[in-house]
Amino acid sequence: MSGIKINTAKPKHFITTADYTAEQLFDLVDRSIQFKVESKYNYPKARTERPLDGKTVGLLFSKRSTRTRVATETAVGYLGGNAMFLGGQDIQLGVNESLLDTTRVVSSMVDGIMARVGGHHEIETLAKESAVPVVNALSDKYHPTQILADLMTLHEFYHNKKNNVPAGVYSAHTQHPRETLKGLKVAWVGDANNILQEILVAFPKCGISVSAACPPGYTCDQDVIDIAQADAKKTGATVFFTTSPEEAIKDCDVIVTDTWVSMGQEEEKKKRLAEFAGYQVTNDLAARGGAKSDWIFMHCLPRKPEEVDDEVFYSERSVVFPEAENRKWTILAVFDALLVRGGI
Ligand SMILES: NC(=O)OP(=O)(O)O
């Protein structure tokens, strides 16, 4: 009897944007825009294909999530697939079963995995052991789908600004992301966390300069800094670190911050609030530091008022809600690439 040939090719994953070139990230942004326009305006026509029909994506989440979970479940549904949420309270992982065993079992039954983990080594184990593509839904080192959404949000904003497209209107996007993003200066004011680290490995290679202010003692991993500096050298972008928020935001186009107390750091809250004094993003800080007059504000959410005041957060400068929505379109593009088109 002749046997059935089993596909033994290693699956492709999306663990960090550091693994992909700027052109690959731009293509994902471009595809995300196409999905958004198609969904909102039936342009060029309403979607009828359901390429993930009969397929399942497992959401292996050991931490809370609103945006990433909703974005993934709706994105997989949009492609006709089934999203199965496997929360930390629901399965044996971490209580009765190791990550290695769980990965082998779950990946033998699903077609893709979206995983939110603690340590970055956990997502690396998952990717190594999984029989199907794994997407990093957040680890303590990186948050790639968030920063892909941030690239899309920046592209949309500056594309529409250059082309006088009114807010909330989606155009056919005449310019490529490489044209809209190159030369921007993004200032980070906050923790040296997974969001800043993903920004550092994604933005400089896209031609975006990054200047980051973190309190004394809060520093990024050296391998991340090395990647950022090497990428910046190639594109002409700059990478700059300081402990002064005012210094970081000088001449910036965009100010970004995030929580000062990430999930799992709750016992450090009091100490952190004291150490981040002076780091709240306000119009006054932007004026003192000399941000460009038309600076915009980003935050991956959820947000606490100590990080940014209401005046900025709910102002016209703030693109935080389109940024949140774009999680869906970018995650859609990632799963479309990995599960439908065979790779990014
Ligand atoms: N920004 C982000 O990852 O949000 P959630 O934690 O709600 O998924």
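In the predicted model, the end C-alpha atoms of residues 182–337 lie 24 Å apart, and this span is 40% helix and 14% strand; helices (H or I, at least four residues) and strands (E, at least two) are DSSP runs numbered from the N terminus. UniProt lists these residues, in an unreviewed entry, as "domain: Aspartate/ornithine carbamoyltransferase Asp/Orn-binding". For residues 12–156, the distance between the end C-alpha atoms is 28 Å, with 44% helix and 14% strand. UniProt positions follow the numbering used here, feature names are shortened, and annotations may be inferred rather than shown by experiment. Residues are numbered from 1 along each chain as its sequence is written. Local features need pLDDT of at least 70 and side-chain atom pairs count only at pLDDT 80 or more, whereas totals for chains, interfaces and linings use all residues; side-chain values use heavy atoms, without hydrogens and water.

Helix α5 comprises 19 residues (residues 144–162). The expected span, 1.5 Å times one less than the number of residues, is 27 Å for α5, in agreement with the 27 Å between its end C-alpha atoms. Of the 19 residues in α5, 16 are buried (under 20% relative accessible area, with exposed being over 50% and partly exposed in between; 1.4 Å probe, protein chains only). Just after α5, N164 adopts a positive phi of about 50 degrees.

The residues around the ligand are S65, T66, R67, T68, R116, H143, Q146, C300, L301 and R327, a residue being counted if one of its heavy atoms lies within 4 Å. Polar contacts are pairs of N or O atoms within 3.5 Å; within protein, one atom must be able to donate a hydrogen and the other to accept it, and residues adjacent in sequence count only if both atoms are side-chain atoms. A polar side-chain atom of S65 is 2.7 Å from a ligand oxygen atom, and a polar backbone atom of T66 is 2.7 Å from an oxygen atom of the ligand. A polar backbone atom of L301 lies 3.0 Å from a ligand nitrogen atom. The protein buries 95% of the 260 Å² that the ligand exposes when taken alone (Shrake-Rupley method, 1.4 Å probe; for residues, only the protein chains shown count as cover).

C300, one of the residues around the ligand, is buried at a relative accessible area of 9%. The closest cysteine sulfur to that of C300 is in C214, 14 Å away and too far for a bond. C206 is likewise buried, at 4% relative accessibility, and its sulfur is 17 Å from the closest cysteine sulfur, in C220, also too far for a bond. The structure holds zero disulfides (pairs of cysteine sulfur atoms within 2.5 Å).
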